[in-house]
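Which charged side chains pair up in this protein, and how exposed are the partners? The report below takes up both points.

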Amino acid sequence: MSRTLTFSLTFVRHGETQYNRDKLLQGQGVDTSLSETGVQQGEAVGRYLRDIPFNNVFVSSLQRAQQTAEIILRNNTHCSGVEMVLDPLLKEKGFGIAEGRPKEDLKNMANAAGQSCRDYTPPGGETFEEVRLRFKKFLKALFQQMLVDHGWLASDTCAGPTQNGVAALNGCTAAVSGIAPSGLAVDGIHGVQVHALVVSHGAYIRIAIKHLVEDLKCSLPTGAKMSQVCSICPNTGISRFIVTLSQSESGPVLSAVRCIFTNRTDHLENLDGVK
């Protein structure tokens with residue numbers, strides 16, 4: 001029987017910065033800290049995720065993401081010994097000459113070039129494809145690290161026969177798909193023993209989710225619309241996927257991935273004026 005490893009992968013965007021509030025582009029070159037509201041958002045998402053026992057934490061090397069991750073870990077009841085790994089592969093999309101300027105400037109540049117804002121790359125910036133390749137490189141390293149840290153954990157309980165080369169996650173998928181997301185922090189993780197947290201940025205997370213859904217054929221929650229799944233992640237928005245790796249001669253490969261929810265902001269509902 002082939003061996004597998006199943007783990008949850010939870011993405012969180014950093015909290016608000018003053019640049020976010022002022023609708024200015026940050027990208028990679030503007031390395032700002034969280035605003036007072038951003039700290040409140042970080043505390044709120046930290047409390048919301050406090051009972052998730054994250055085994056691995058991967059964080060963008062930009063300080064707004066680091067601050068958010070530190071707040072999440074400080075609030076968590078299981079992560080006192082967990083060290084976050086700073087990874088430049090998780091940095092925000094580079095916006096070149098548009099960084100530090102109003103978002104409206106980027107729209108004007110795109111219009112002048114005859115392109116949509118999402119498709120336009122300002123001089124010195126990163127293309128969608130370049131960011132996607134960065135995320136692919138991160139995923140490959142993530143898979144290797146999860147296997148090094150956890151081995152083929154609980155493999156027989158979560159893996160069934162393969163169909164068209166993709167493992168059927170009998171027990172785990174049944175637990176995930178049989179219960180509609182209810183706004184709880186533990187949605188989707190019943191029966192899953194390993195949990196990874198990634199703290200990154202809005203444009204980056206959107207591109208990562210598009211890759212998981214469009215390129216890796218991630219299954220979506222019932223009734224989910226692509227426009228909703230792949231929309232820009234709000235500050236401290238949460239997205240979760242259940243990932244299963246299987247063994248191959250060349251190393252761990254992705255055999256199944258399921259989206260539980262994207263861009264969730266339930267934790268912000270009780271913060272005045274913050275969402």
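What follows covers the salt bridges and the accessibility of their residues.

This is a predicted model, in which local features need pLDDT of at least 70 and side-chain atom pairs count only at pLDDT 80 or more, while totals for chains, interfaces and linings use all residues. Residues are numbered from 1 along each chain as its sequence is written, and side-chain values use heavy atoms, with hydrogens and water left out.

The structure holds ten salt bridges. The term means a side-chain nitrogen of Lys or Arg within 4 Å of a carboxyl oxygen of Asp or Glu. Side chains of opposite charge can pair when their charged atoms come close. The table lists some of these pairs.

| Salt bridge | N to O distance |
|---|---|
| Glu16 and Arg21 | 3.3 Å |
| Asp105 and Arg101 | 3.3 Å |
| Glu126 and Arg134 | 2.8 Å |

Accessibility comes next. Buried means under 20% relative accessible area, exposed means over 50%, and partly exposed lies in between (1.4 Å probe, protein chains only).

Glu16 is buried, at 10% relative accessibility.

Now Asp105 and Arg101. Asp105 is partly exposed at 23%. Arg101 also counts as partly exposed, at 32%.

Buried or exposed: which describes Glu126 and Arg134? Both Glu126 and Arg134 are buried. Elsewhere, salt bridges with shared partners link Glu129, Arg132 and Asp215 into one network.
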